[in-house]
Structure formats: C-alpha cells, structure tokens
Amino acid sequence: MQNYAEAVKDFVEKHATGFTVAFVAGASVLALRRWMAGPACRSKVRLDGKTVLITGANTGIGKETALDMARRGARVILACRDMTRARIAADDIRQQSGNGNVVVKKLDLASLQSVRDLAKDVQENEQRLDILINNAGIMMCPKWKTDDGFEMQFGVNHLGHFLLTNCLLDLLKKSTPSRIVIVSSLAHERGRIHFDDINLDKDYKPEKSYRQSKLANVLFCRELAARLEGTGVTVYSLHPGVIRTELGRHLFPTLALWKRIIAMPFMMLIKSPWEGAQTTIHCAVNESLADVSGLYYSDCAPKTAAPQALDDAAAKKLWNLSASMVGLA
C-alpha cells in the first residue's frame with residue numbers, strides 16, 4: 001500500500017503541470033458554462049386568477065415558460081400548430097405543476113385565418129387575458145411562403161404575432177394591468193427592414209430574412225408601447241440567449257461537416273430551454289417592470305437595442321405596412 005501511495009505521489013509530481021492545466025481548463029469551462037447560462041428570474045409573484053397565452057408553447061423555451069406560469073397558478077393557454085404535441089406538452093405541464101388549468105388551442109402563425117380563428121375563440125371564451133407571450137418562431141428556413149403568400153420567417157415571426165396581438169388588444173385592455181412579451185433575438189442587431197422588398201423576392205437568404213423578422217419584433221414592441229401608453233398594457237421585447245432548442249433545425253443540416261463537428265462541443269455550453277426562458281418569465285411577471293414599457297431585455301435586464309431598432313420613423317412605417325399586409329384598418 002505504501003508503494004502504491006508513493007507511486008501515485010511520484011506520478012502527480014512528474015505531471016504537475018499537466019494536472020494544473022487540466023484543472024484550470026476545467027474550471028474555465030465551468031465558469032464559461034455558468035456565464036452562458038445567465039441569471040434566473042427571482043420573482044416569486046403568484047398568478048392565481050390570471051390567464052396567460054403563449055404561442056409555440058409545446059417545446060423549448062415556450063414550454064418552460066408555460067410550466068413556470070402554471071406553477072404560479074395561472075390559467076395557461078398553449079397556442080400551437082401541432083395539436084398532438086401540444087396536448088402531450090399540456091399533460092406534462094399539468095403533471096409537473098399540479099395545475100389542471102392548462103388548455104390547448106390551435107394556432108398556425110403561417111395562416112392569417114388561423115390567427116383570426118384563435119383570436120375569436122379567445123375573445124368569446126376567455127374572461128380575461130393578463131399576459132400574452134409571442135414566443136413561437138421559425139429560423140433559417142428555405143424560401144417558403146405562408147398560406148397568404150408572405151415570406152415564411154417574416155410572416156410567422158412578425159406578421160402572425162402582429163395580427164394576433166392587435167386582435168387581442170381589447171381583452172388585454174379589459175384585464176389591465178396586463179403585459180405583452182415579444183421574443184426577439186440578438187440577431188436583430190444585424191437586421192434591416194427591406195421596405196422595398198419585404199418578402200425578399202429579389203435576394204432571399206435565410207439569415208437575412210431571420211434578422212429582418214427579429215428586428216421587426218423589436219420595432220413592433222417600440223411602436224406598440226407608444227400606442228398603448230396610459231392604457232395599463234405594457235410591452236417588452238427580449239433576446240432569450242443562444243439555446244438548445246428545435247429552432248435551429250433548419251440551420252444545422254445546412255452547415256458543412258467540419259462546422260458541425262466544431263459546433264457540437266459548443267452545444268454543451270449554450271443555454272438549456274429552462275435557462276433560455278428566464279428573461280421571458282422576468283418580463284412577464286417581475287414587479288419592477290410594472291411601470292416600464294417598450295424596452296428590450298437580455299439576461300433579465302434591460303439592454304440597449306441596435307440603433308436601427310430605436311428608429312421611431314421606421315417603427316411607424318413598419319406598423320403601417322404590417323397593418324396593410326394583414327388587412328387591419
């Protein structure tokens with residue numbers, strides 16, 4: 001036994017540098033992972049008697065957000081395209097939260113008729129709507145079109161939510177104080193609204209379209225907040241972080257093999273869906289935000305959006321164009 005201990009001691013002494021490097025590297029990775037995770041929402045506020053509607057809530061950060069809202073006692077509406085997966089998610093949320101007041105409603109954001117049908121359902125069957133969370137999205141897909149002929153990413157990420165929000169404004173105003181939370185992305189910083197080619201028919205690139213749609217989210221938040229000033233309805237946009245979800249399902253297969261190999265270890269460092277949902281939850285429930293509206297958030301704190309996202313003239317122009325596209329007066 002003594003010989004074994006001496007052998008181990010001798011081995012450690014000979015490889016002290018290697019052990020030090022390994023320890024420092026491991027500690028650095030853990031520190032990076034913790035930093036990437038970001039802070040958690042610390043609010044303990046209850047939502048008993050309140051109603052929350054979340055789009056795209058059957059998976060990823062949408063499902064984690066729905067679970068959190070259910071645990072706070074809210075009536076939670078999962079507005080989803082895939083009803084089978086939505087029902088499975090709802091069952092899981094009921095079981096985990098102990099809240100049976102979790103319902104599923106059909107919503108296909110690529111169809112303006114589906115958006116109107118959901119809005120009518122909610123208006124006719126819900127007494128109130130306290131929190132609307134525009135979470136659903138599509139990222140880096142090929143050049144697809146919505147049912148109404150719009151470019152898919154702009155149509156789903158912006159236009160569908162633009163129409164849904166406007167259709168539900170009366171119920172939100174009736175339920176004040178109420179909130180609208182719009183999930184955008186850091187990608188908005190490299191975006192531009194192509195007013196002369198909004199559907200990108202002349203030059204479609206998946207990343208170009210995604211950035212445009214995410215910039216549209218922030219501009220929508222800004223203009224909506226201005227229009228709702230004094231009504232008791234507040235609006236927030238946010239970057240949830242880089243997250244391990246299905247959102248990147250169209251992007252990953254298009255990458256070169258070597259890029260995928262490099263990306264795989266990085267995937268272990270990025271946020272989990274629970275971590276990615278924290279800023280959404282913060283904007284939805286944190287008491288300190290009650291009198292704040294129109295700002296952009298990241299990691300549960302206000303951040304300065306890109307200069308093009310602070311352009312009030314562009315926000316108004318986008319609003320008018322969007323209203324025309326979806327048929328709002």
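Which residues line the largest cavity? Here are my notes, with that one picked up in point 2.

1. First, some ground rules. This is a predicted model, where local features need pLDDT of at least 70, side-chain atom pairs count only at pLDDT 80 or more, and totals for chains, interfaces and linings use all residues. Residues are numbered from 1 along each chain as its sequence is written, and side-chain values use heavy atoms, with hydrogens and water left out.

2. Now the cavity. Its lining consists of N134, A136, N157, H161, I182, V183, N217 and F220. Two or more of the lining residues come from each of α6, β5 (178-183) and α8. The space inside is about 40 Å³, and a search of the whole structure turns up one cavity of 30 Å³ or more. A cavity here is a set of points on a 1 Å grid over the protein atoms alone where a 1.4 Å probe fits but cannot get out; lining residues have an atom within 4 Å of a point. Grid points are joined across faces, edges and corners, and the volume is the space filled by probe spheres set on the points.

3. Have a look at the second largest pocket too, with about 270 Å³ of space. A pocket is an open set of points with protein on both sides within 12 Å along at least five of seven lines. It has 15 lining residues, and those closest to its centre are C41, S43, K44, D68 and R72. Helix α3 (60-71) gives the largest share of the lining, four residues.

4. Zooming out, the protein has twelve helices and eight strands. These are DSSP runs numbered from the N terminus: helices are H or I with at least four residues, strands are E with at least two. Of the 329 residues, 50% are buried, meaning under 20% relative accessible area with a 1.4 Å probe and protein chains only; exposed means over 50%, and partly exposed is in between.

5. Buried in α12 are A314, A315, L318, W319, S322, A323, M325 and V326. They sit on the same side of α12 because they cover an arc of only 165° around the axis, taken from the directions from the helix axis to the C-beta atoms.

6. The face turned away carries the exposed residues A313 and S324.

7. At the N-terminal end, D311 is the cap, with a side-chain oxygen 3.0 Å from the backbone nitrogen of A313. After the helix comes G327, with a positive phi near 85°.

8. The peptide bond from T176 to P177 is cis, with omega near 0°, and P177 is in the loop between α7 (169-174) and β5. L200 is not a glycine, yet its phi is positive, about 55°; L200 counts as buried, at 0% relative accessibility. C300 also has a positive phi, near 60°, and is found in the loop between β7 (295-298) and β8 (301-303).

Notes:
A polar contact is a pair of N or O atoms within 3.5 Å; within protein, one must be able to donate a hydrogen and the other to accept it, and residues adjacent in sequence count only if both atoms are side-chain atoms.
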